[in-house]
Amino acid sequence: MNPPSLPRTRMDSNPDKQAGLTRRGVLASTAWIAPVLLTATAAPLAAASTCQSPSGLYSTRAGARLLHGSLAGVSLNAVTGLTGSQASNSAGSPPIVTVAGPATLAPLSGAAAVLSGILTLADANLGVVHQFARANRDGGSLGAVGAVSDSGSITLNPDPYAAPDLARVELKGLLENLAGAPAADLVGAVSDVALVVGAVGARSEIADPCAEPVALRQYLMSHLALELSTPAAGALVSALTAALPTLAVDTSRILGPLSSIPLLGGIFDAANISVSVSITADALLQPLPGDGSAALTLDAEAGTASLDLSTLFGGSYVAGTPGWLNGLAPNTALFASGFPVSAVSTILDQWVSALLARLASSVAITVTTGSLKLSGTLAQFASGTATFTTGNRLTDRLLGGLMGGVMVAVAGSVEAALEALLDPAGVLSVELTAITDLLSAALLLLSDVLALTVNAQNHRPGSLPSASTVPGQFEVTALHVGVIGAASLLALSIGHAVAGPNVPRA
């Protein structure tokens, strides 16, 4: 029996060890096939002692469901296209039974029609909604779901920014059914709030029912975000755009470098140094910072503030840094212990730093003093590559590389002015306060209202109440989304794979 399996590494020698990969590291590989979590669960001793089949034949089972559970009171089990792939091998079956196919939400009718305004699922052509189940009469079975191939291997496009959104769950309508804060605080502050789930992969495999451990369970997630539709994002960007042309730049730190160059004597006017800063409107209409370098992204054009939960605690997607969402222990409850008091200010500070780095190539600076004029982007000034002219070609040639120190000083002055502009107590305090209030409500939603469980496994400590207790049946769910104290409102398993029970035939 040779079922498809993930390639092993030295970490595989201990199935209870977790291995982490970054989102970029995972997606930059040739495929999503590197093991991220290899958690194997041993079968009960009684089952292990009676696992041998005298005939060498077994009755085996496997299953895969992209979406499982209930949403807005609607059981997903009854939705056409979400029934999943179920494989069973028993007496009279062929040697190998394989059932595979994509999940779909269409068509939605009857009681399930309400889901059309709550749940959005990726198109099958994106390759992230596959469901694969295989049951082998020799004792092996495999369930795999999500970004998986036709053989059950977890795969994804190698482009680091190509991981598509798998599902989108609109939460505002659900939260409006909850009384009191903190849900009410967020509902009142936004026009919409959605949980955006990136591509996932889940895999449960029993290669040999007599082996120890019996099952190998794995999961992968590309990204996870909370998206808030709010005028606060556009208000901040609009205020920033309006403030840049009147940015107050301290020119005193430029005077020293200018005075240190004898050739500039009589060319620049120490009493009149003008620094103007501008930026094209389009530069601020793009998602900011928009490069994965901060947990918070503001999109003025779309009117959204997006909180990347996969970097909220783990930092930005830097090559070589473990991805926080992957490699987590079985039944990890995200944000269950709440957030540090400084979380909101930390998120905002991170966004400001990332924004300044992003703006370096977009902010245009012009410095004029006497007959000297310098121009370029903030990045060019910082690197000493901005252009300059004195109006005299010979003087310009003689100055050559002597202007680098002046340019760096200009960049430092402008950066300091931008930091002051984005200070919570500065000119944009009203707009920044709206963002901090939004973040505070969002974090309370994550810690006190939503229940997000990653790598949900049965037969393990902390397993979900809905987890199967059937002996020999091993489940793994990439992400489970619930509402604390209101399971009937939302209990959604995303990426659910099952293997077993596999038992000797009589």
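Me: Before we start, what counts as a disulfide here?

Reply: A disulfide is a pair of cysteine sulfur atoms within 2.5 Å. Bear in mind that this is a predicted model, where local features need pLDDT of at least 70 and side-chain atom pairs count only at pLDDT 80 or more, while totals for chains, interfaces and linings use all residues. Residues are numbered from 1 along each chain as its sequence is written, and side-chain values use heavy atoms, with hydrogens and water left out.

Me: What makes Cys51 and Cys210 a disulfide?

Reply: Their S to S distance is 2.0 Å, and the cut-off is within 2.5 Å, so the pair qualifies. A search of the whole structure finds one disulfide.

Me: Why is the disulfide of Cys51 and Cys210 called right-handed?

Reply: The torsion about the S-S bond is about 125°, so this disulfide is right-handed.

Me: Where do the two cysteines, Cys51 and Cys210, sit in the chain?

Reply: Cys51 is in the loop between helix H2 (45-49) and strand E2 (58-71), and Cys210 is in the loop between strand E11 (200-206) and strand E12 (215-221). They are 159 residues apart, so the pair links distant parts of the chain. Helices (H or I, at least four residues) and strands (E, at least two) are DSSP runs, numbered from the N terminus.

Me: How do you know whether Cys51 is buried or exposed?

Reply: Buried means under 20% relative accessible area, exposed over 50%, and partly exposed in between (1.4 Å probe, protein chains only). Cys51 has 6% relative accessibility, so Cys51 counts as buried. Cys210, at 22%, counts as partly exposed.

Me: And why does Asn502 count as buried?

Reply: Its relative accessibility is 10%, so Asn502 falls under the cut-off. Asn502 lies in the loop between strand E23 (490-499) and strand E24 (503-504).

Me: What makes the pairing of the Asn502 and Ser141 side chains a polar contact?

Reply: A polar contact is a pair of N or O atoms within 3.5 Å; within protein, one must be able to donate a hydrogen and the other to accept it, and residues adjacent in sequence count only if both atoms are side-chain atoms. The Asn502 and Ser141 side chains are at 2.9 Å, and they make such a contact.

Me: Why are H6 and H12 called roughly antiparallel?

Reply: The axes of helix H6 (residues 252-259) and helix H12 (residues 404-421) cross at roughly 180°. Angles under 35 degrees count as roughly parallel, over 145 as roughly antiparallel, 65 to 115 as roughly perpendicular and the rest as oblique. H6 and H12 are therefore roughly antiparallel. Axes are lines fitted to C-alpha atoms, for helices over the stretch in contact, and angles run from 0 to 180 degrees between N-to-C directions.
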